[in-house]
Amino acid sequence: MATQQQQSAIKGAKVLMVGAGGIGCELLKTLALSGFEDIHIIDMDTIEVSNLNRQFLFRRSHVGQSKAKVARDAVLRFRPNINIRSYHANVKNPEFDVDFFKQFDVVLNGLDNLDARRHVNRLCLAADVPLVESGTTGFLGQVTVHIKGKTECYECQTKPAPKTYPVCTITSTPTKFVHCIVWAKDLLFAKLFGDKNQDNDLNVRSNNSASSSKETEDVFERSEDEDIEQYGRKIYDHVFGSNIEAALSNEETWKNRRRPRPIYSKDVLPESLTQQNGSTQNCSVTDGDLMVSAMPSLGLKNPQELWGLTQNSLVFIEALKLFFAKRKKVCVEIGHLTFDKDDQLAVEFVTAAANIRAESFGIPLHSLFEAKGIAGNIVHAVATTNAIIAGLIVIEAIKVLKKDVDKFRMTYCLEHPSKKLLLMPIEPYEPNPACYVCSETPLVLEINTRKSKLRDLVDKIVKTKLGMNLPLIMHGNSLLYEVGDDLDDIMVANYNANLEKYLSELPSPILNGSILTVEDLQQELSCKINVKHREEFDEEKEPEGMVLSGWTPSPATNGESASTSNNENPVDVTESSSGSEPASKKRRLSETEASNHKKETENVESEDDDIMEVENPMMVSKKKIRVE
């Protein structure tokens, strides 16, 4: 039972929830049943069929509707006397500014992507509102508390960047199945069904690249009277046969690599395939276009079955035929499609294409189920984990409202027990003085100022790495770039012109030693970037042609290492409140236990099916700092 003080804090609190998915549904229910009476929810997503196995507030009849609104309506049915307001919108929209955040007593995150998490973190810092962050992946999960000036912010520790692969590896020398998936999804699928005007050359680099580019344009252009199967075989022979032949012509490439095998349709498929159109049975009007499948007509039922080369080839041709036969009849037409992990036909096509390419390069094949996980960055959600994490969020939120700072905990949910515990609570960290978000530490950017344009700096660094939505860039007193609705046409034209100029040729040239001020007025965030000119970059290790650095984990205390990624250093763990020892007493995990759990808690922070990163309790500072 909650104490009188807790009940008073709960009833008088105004709470903002961001995210109404896997964690969000559990969280909203728990908040309502715990006595919270003023709850606001922001979520931009609509309900999909794949959500229904874990997001229990939704039903099939809700597919296509706003998650935030449906969740609100569902909870009000059993708690009709509380105030719940829903916003079907992106939390990064201008209306959700610092003043909007200031009206809340605490913000609770149940998001599924790094970009939105960083944005909410910055708004909470600017508004001086406590943030309770969370994430789950499978059986793993975590809850952390972030209080301005008292605990570290969400960005005080580095987050793993999404994995990228050099184009040359993807197009010419794949060695892993994920390389084949990226090729099939981002190159072949986009070339066939996406924007025809995009720069997407599927030919490998050959001695006659000019002619091969022309050949590519001719091959992928389908004439109106061309038979779909004939067109599919032409594409098949080109990407799995002719392109591989062209790659093999460069002997230098294969001196120390395994040579790929060209594959042609005539060697794998019969001369004439049975004219099938797949299956569209049991498809509703709402999601029928996403449920079209090539598998039923080919007698394939189990998505976890490993298809051979012939089966993958049949799926490839059949899926391509269905795209042209069915998708022209739906609202999203050929030429405007993008890969969607919930689009059954798209997943089948990408799986088949990736497996055929993997066969050519001697890479082990994968099932549809495995390939979908790789293509969609999926770690399948566990409803129980979401429920546990939602409960922990509410526990920490109550502590925040009561201002019990000394009782705040970062709690990790483990897959296997440690000291008979599945929940690992540890004390929060102090703010990282080297964090560019909640401190004033400058960043260092190594870049070729003569070959890189301002657009490269804006797109690759300011927006992608620093996560700024409405950036403003100044060099000294010169304003080089700005985004906003209040700009006149002349200013917009000037800034657009600057984007296409090399850094060293800007009105206020950016050279070695230049110091840039980068701001985001919406997030009320400002940081300094020290520019260091560098001529060359490693294409494999530094494909972006620039390197941003300058903030590191917290300095060591008492001479100890500030951060560790090995198992040799023990990790302090706060005793569970259910244990016999006082909460303030620490326990140490043995080296063996640390080793066993290191992999469990690494790189996990998705509330849903999308892979995200969770801070690894085995890799954070071994010296836990008690927050006073």
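The exercises below, each with a worked solution, concern the predicted model shown above.

Residues are numbered from 1 along each chain as its sequence is written, and side-chain values use heavy atoms, with hydrogens and water left out. Because the model is predicted, local features need pLDDT of at least 70 and side-chain atom pairs count only at pLDDT 80 or more, while totals for chains, interfaces and linings use all residues.

**Exercise 1. The whole protein**

State how many helices and strands the protein has, and what share of its residues is buried.

Solution. 
- Step 1. Helices (H or I, at least four residues) and strands (E, at least two) are DSSP runs, numbered from the N terminus. The protein has 18 helices and 16 strands.
- Step 2. Buried means under 20% relative accessible area, exposed over 50%, and partly exposed in between (1.4 Å probe, protein chains only). Of the 628 residues in the protein, 52% are buried.
- Step 3. Contact means heavy atoms within 4.5 Å. Among contacts between residues at least 6 apart in sequence, 68% join residues at least 24 apart.

**Exercise 2. Helices α7 and α9**

Describe how α7 and α9 pack, and classify the residues of their contact.

Solution. 
- Step 1. Two packed helices are described by the angle between their axes and the distance between the axes. Axes are lines fitted to C-alpha atoms, for helices over the stretch in contact, and angles run from 0 to 180 degrees between N-to-C directions.
- Step 2. For α7 (residues 177–193) and α9 (residues 228–248), the angle is about 140° and the axes are 13 Å apart.
- Step 3. Angles under 35 degrees count as roughly parallel, over 145 as roughly antiparallel, 65 to 115 as roughly perpendicular and the rest as oblique. α7 and α9 are therefore oblique to each other.
- Step 4. A crossing is left-handed if the near helix is turned anticlockwise from the far one by less than a right angle, and right-handed if clockwise. The crossing of α7 and α9 is right-handed.
- Step 5. Ala, Val, Leu, Ile, Met, Phe, Trp, Tyr, Cys and Pro count as nonpolar, Asp, Glu, Lys and Arg as charged, and the others, Gly among them, as polar. The contact of α7 with α9 has seven nonpolar, no polar and no charged residues.

**Exercise 3. Helices α7 and α13**

Solution. 
- Step 1. Residues in the contact include Trp183, Leu188 and Leu192 of α7 and Phe349, Val350 and Arg357 of α13.
- Step 2. By class, this contact of α7 with α13 has 15 nonpolar, one polar and two charged residues.

**Exercise 4. Helix α14**

Find which residues of α14 are buried, what covers them, and how α14 lies against α7.

Solution. 
- Step 1. In α14 (residues 368–375), the buried residues are Leu368, Ala371, Gly373 and Ala375.
- Step 2. Their cover includes α7 and α13 (344–360).
- Step 3. The axes of α7 and α14 come within 10 Å and cross at roughly 75°; α7 and α14 are therefore roughly perpendicular to each other.
- Step 4. Ala371, Ile374 and Ala375 of α14 meet Phe177, Val178, Ile181 and Lys185 of α7. These residues divide into six nonpolar, no polar and one charged.
- Step 5. Just after α14, Asn377 has a positive phi of about 50°.

**Exercise 5. Residues in loops**

Locate Lys419, Glu524 and Gly467, and decide whether each is buried, partly exposed or exposed.

Solution. 
- Step 1. Lys419 sits in the loop between β7 (410–418) and β8 (421–426). Its relative accessible area is 45%, so Lys419 is partly exposed. Although not a glycine, Lys419 has a positive phi of about 55°.
- Step 2. Glu524 sits in the loop between β12 (515–520) and β13 (525–533). At 53% relative accessibility, Glu524 counts as exposed. Glu524 is not a glycine, yet has a positive phi of about 55°.
- Step 3. Gly467 lies in the loop between α16 (454–465) and β10 (471–475). With a relative accessible area of 2%, Gly467 is buried. Its contacts beyond four places in sequence are Asp115, Arg118, Arg122, Val462 and Gln523.
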